Number of protein chains: 2
Amino acid sequence: MTENEILIVGLGLIGGSYAEALTNAGFRVGAIDRDMEAVRYALDRGIIAEGTDTVEKEFVSRYRLIVFCLYPNTFVEWIKDWQDFIAPGTLITDVSGVKVPVVYKVQSMLRPDLEFIGAHPMAGRERSGVANSDCSVFKGANYLVTPTAANTPEAIEKCKELGRVMGFGKISELSPEEHDEMIGFLSQLTHCVAVSLMTCRETSEMARYSGDSFRDLTRIAAINETMWSELFLLNRDVLIRQIDMFTGSMEALKKAIADGDTETLKALMRESSRKRKLFEKK
Amino acid sequence: MTENEILIVGLGLIGGSYAEALTNAGFRVGAIDRDMEAVRYALDRGIIAEGTDTVEKEFVSRYRLIVFCLYPNTFVEWIKDWQDFIAPGTLITDVSGVKVPVVYKVQSMLRPDLEFIGAHPMAGRERSGVANSDCSVFKGANYLVTPTAANTPEAIEKCKELGRVMGFGKISELSPEEHDEMIGFLSQLTHCVAVSLMTCRETSEMARYSGDSFRDLTRIAAINETMWSELFLLNRDVLIRQIDMFTGSMEALKKAIADGDTETLKALMRESSRKRKLFEKK
């Protein structure tokens with residue numbers, strides 16, 4: 001990479017982890033967060049070189065590479081409000097968990113002398129905030145780049161390189177549409193399932209008998225409601241389609257149980273076991 | 001415990017793990033399995049002292065404590081076919097994952113000079129067979145005893161003691177009805193959910209992007225179809241009730257998403273996070 005200075009906007013769990021990974025990789029990292037305590041925490045830990053809680057042109061315009069680690073809607077608002085502060089020729093990327101409603105909107109409103117390329121680091125924790133940040137969660141994780149026709153080969157390569165230097169295990173390229181379909185199933189539907197399992201009945205009496213199965217299926221039921229409700233609504237149509245497919249499968253399984261149809265039950269379980277093999281960790 | 005000889009019928013994953021745990025605890029363990037290879041494997045590993053692949057009175061009648069580690073229906077059939085071989089005064093227990101249809105049936109058909117008390121070791125693996133047995137899975141796990149009015153205090157205590165000597169972390173007493181309700185939710189519903197997640201759509205393209213969420217939710221989707229279809233059907237009414245509660249919750253979540261109802265979404269997520277806390281490992 002040619003730029004050795006990177007600006008991170010938003011010092012939450014992911015922004016803080018990016019700052020740590022990039023500082024470790026030898027970059028000089030600056031940060032903006034509206035919470036001065038988050039900025040001070042990052043300065044004290046040495047994971048950023050400079051930081052501020054106010055958006056100022058003099059600060060923003062010094063950088064030629066900016067990573068937005070904000071919730072999707074906040075990111076879009078930021079661009080609307082402050083893109084005039086960004087220096088011409090700057091490359092912008094992000095970490096949003098949904099792509100179609102973010103990428104096309106930002107690309108269509110962006111100044112022609114700037115370029116935005118979407119990315120999604122598939123890593124996280126059940127906690128939030130810079131104090132919980134830890135770039136070791138990137139190790140072996142997926143880093144997805146979601147270019148469109150508006151992107152240059154140079155920007156795509158630079159964005160992938162960013163994932164590589166932070167230590168991600170796999171760097172992949174997907175269209176925003178493919179991304180949202182995949183994430184709607186693998187991530188959003190699973191969070192819907194975990195929340196529904198956890199809320200569908202009184203469970204306090206059962207906690208002491210719980211084995212690993214229920215624990216594993218509800219680990220992600222402890223959920224950041226602000227972020228996930230935003231992500232669900234931004235990917236509404238895709239997610240509803242995943243929910244319908246899933247509940248259709250549950251209904252088929254239930255019918256086999258109600259009918260005492262052992263053969264169908266076994267066939268579903270065989271299909272399940274066979275398909276699960278592909279998801280075993282290498 | 002007064003008996004220091006225990007007969008295990010069925011040397012699968014759980015039977016083998018029982019044999020190992022009880023031999024380690026100083027018991028002399030005998031075993032019956034229709035597969036002579038399983039018997040030989042257990043003899044070679046030293047986890048049983050004697051074993052046979054045929055049911056003979058001379059062998060069976062030597063024991064005063066018998067643990068049936070068979071699938072539920074096979075266990076009931078065994079009692080029907082061979083209970084005449086059991087010595088008077090013998091205590092019988094089991095490991096079945098459903099209790100109402102097993103416990104009352106066995107207790108009602110059993111000779112009056114024998115006693116059966118149900119138990120359920122809540123431990124297992126995604127593999128089967130004696131070659132995968134490993135009594136370390138009992139460490140910290142739940143051991144449930146499900147007495148009825150037909151049981152004596154002595155039998156209940158002896159059964160609990162069995163769980164203790166094998167190293168289970170928590171020994172609890174539940175009615176067969178409470179057991180099946182709890183297991184229908186915590187274990188059977190979760191397996192239905194995992195199978196439905198795994199079978200609801202084409203997933204081969206997605207495997208390489210999977211993070212831990214999807215992996216955790218589908219770990220149990222690799223499932224022993226013979227055992228689980230039997231368990232599901234034996235607990236049919238309870239399980240269907242759990243499925244209905246769960247899909248009702250999914251529908252409520254889906255409606256909130258479709259309506260763009262952020263407040264309801266957040267409220268469900270807050271409830272989910274709060275209830276999940278009770279299930280954190282101590």
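## Helix packing within chain B

Helix 4 (residues 72-82) and helix 5 (residues 100-109) of chain B pack with their axes 10 Å apart, at an angle of about 5 degrees. The model is a predicted one. Angles under 35 degrees count as roughly parallel, and helix 4 and helix 5 of chain B are therefore roughly parallel to each other.

Helix 4 of chain B brings Pro72(B), Phe75(B), Val76(B), Ile79(B) and Lys80(B) to this contact. Helix 5 of chain B meets them with Val102(B), Lys105(B), Val106(B) and Met109(B). By class, the contact between helix 4 and helix 5 of chain B has seven nonpolar residues, two charged and no polar ones.

## Extent of the chain interface

Chain B also contacts chain A, with 85 residues of chain B in contact with 85 of chain A. The two chains bury about 8200 Å² between them. Of that area, 69% lies on carbon and sulfur atoms.

## Polar links and contributing elements

Eight salt bridges are found across the interface of chain B and chain A. Asp244(A) and Lys254(B) meet through their side chains in a salt bridge, at 2.6 Å from N to O.

Several elements of chain B each supply at least two residues of the side that touches chain A. Among them are strand 7 (142-146), strand 8 (170-173), helix 7 (176-199) and helix 11 (262-277). Helix 10 of chain B gives the largest share of that side, 17 residues. The residues of the side of chain B that touches chain A divide into 41 nonpolar, 22 polar and 22 charged.

Note on methods: Residues are numbered from 1 along each chain as its sequence is written. Chains are lettered from A and ligands numbered from 1 in the order in which they are written. This is a predicted model: local features need pLDDT of at least 70, side-chain atom pairs count only at pLDDT 80 or more; totals for chains, interfaces and linings use all residues. Side-chain values use heavy atoms; hydrogens and water are left out. Contact means heavy atoms within 4.5 Å. Buried area is the accessible area (1.4 Å probe) that two parts lose on being put together, summed over both. A salt bridge is a side-chain nitrogen of Lys or Arg within 4 Å of a carboxyl oxygen of Asp or Glu. Helices (H or I, at least four residues) and strands (E, at least two) are DSSP runs, numbered from the N terminus. Ala, Val, Leu, Ile, Met, Phe, Trp, Tyr, Cys and Pro count as nonpolar, Asp, Glu, Lys and Arg as charged, and the others, Gly among them, as polar. Axes are lines fitted to C-alpha atoms, for helices over the stretch in contact, and angles run from 0 to 180 degrees between N-to-C directions. Angles under 35 degrees count as roughly parallel, over 145 as roughly antiparallel, 65 to 115 as roughly perpendicular and the rest as oblique.
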